[in-house]
Amino acid sequence: MNQSETAQPAAPAERRLTVAMSPRIAARYPQCRTVFLLVQGIKNGETWPATEEGLAALEADVAEGRRHIPDETEPAISVWHDLLRSFGTNPRRARPSIDALGRRLRKSGRLPRVSSLVDTCNLVSLTHMLPTGGFDLAAFRTGIELRHAEPDDVYVPLGEPDKNEPPLDGEVVYADGRQVMTRHWNHRDSDVTKVTAATRDAVLLLEGITPAITAETLLRARQDLADLVAPHAESVTLHEFDPAAPSEIVWRPTS
């Protein structure tokens, strides 16, 4: 090598992420649909003005009666309660994420500020009244599967990194191999795959149950999320969660 030449760092190795729904889940819950975004080069440690403005406006609209946040008696929430009950979960003890988020806003008048990416997911969730969540890709081993819990599954509760809380028999979970990412479908995230201020690459899931959430609403929510995230990321790509067959995403970790 000439003295004038500078060694370039090797590019991160290519990785493959499998996204799948178990055939049992797909057959039992045909009314459920999931779409997602792959986001890379996220600047999650900085303020995102459009997100903060949107949250402030939403909070003001709720406080002043211009915006109604549905409760569990209304279809946007009741469909999720019915879904959790179908596999033995009490939705008042393990509330679906959109229900818990809406209750918090109705009661306190304000949403928590966690990080710019998480706050953006919360804004889109309550704007369209559907569950939205993110996972740090750096923590993944093989990919994402929506399936029934299995006996050797491991779940590390959010905020409790030294605890293992295995899911119940028959419970539906998102999992990466034996590592459970969310319990009770979308009730609570794992500490292992949580988004932090240091997250650079993430997968963002949005979920809908027809007829409460139409396919058009789900796609519109995904586009709104992409539009809010894109100014603060190197790339954003849109993907479908195909219940009929696993799909594979090829990506390289952001250096």
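## Terms and model

Contact means heavy atoms within 4.5 Å. Keep that in mind for the helix described below. The model is predicted.

## The sheet

Four strands form an open sheet. Their order is E3-E8-E2-E9, and the pairing is antiparallel. Strand E3 (132-136) and strand E9 (235-240) are the edge strands. Each of these two pairs on one side only. On average, neighbouring strands of this sheet are turned by 20° against each other, direction ignored.

Strands E2 and E8 run antiparallel. E2 covers residues 32-40, and E8 covers residues 201-209. Nine bridges join them. Across this pairing, Leu37 stands opposite Leu204 in E8.

## The helix across the sheet

Helix H6 spans residues 215-229. H6 lies across E2, E3, E8 and E9. Its direction is at about 15° to E2.

## Arg222

Helix H6 holds Arg222. Is this residue buried or exposed? Arg222 counts as buried because its relative accessible area is 9%, and buried means under 20%.

What does Arg222 touch, leaving out residues up to four places away in sequence? The list is Val35, Phe36, Leu37, Leu206, Leu238, His239 and Glu240. One of these, Leu37, is the residue that stands opposite Leu204.

Definitions and conventions
Residues numbered from 1 in each chain as written. Predicted model: local features only at pLDDT ≥ 70, side-chain atom pairs only at ≥ 80, totals over all residues. Heavy atoms only, no water. Pairing = 2+ DSSP bridges. Axes fitted to C-alpha atoms, helices over the stretch in contact; angles between N-to-C directions. Buried < 20%, exposed > 50% of the residue type's maximum accessible area, 1.4 Å probe, protein only.
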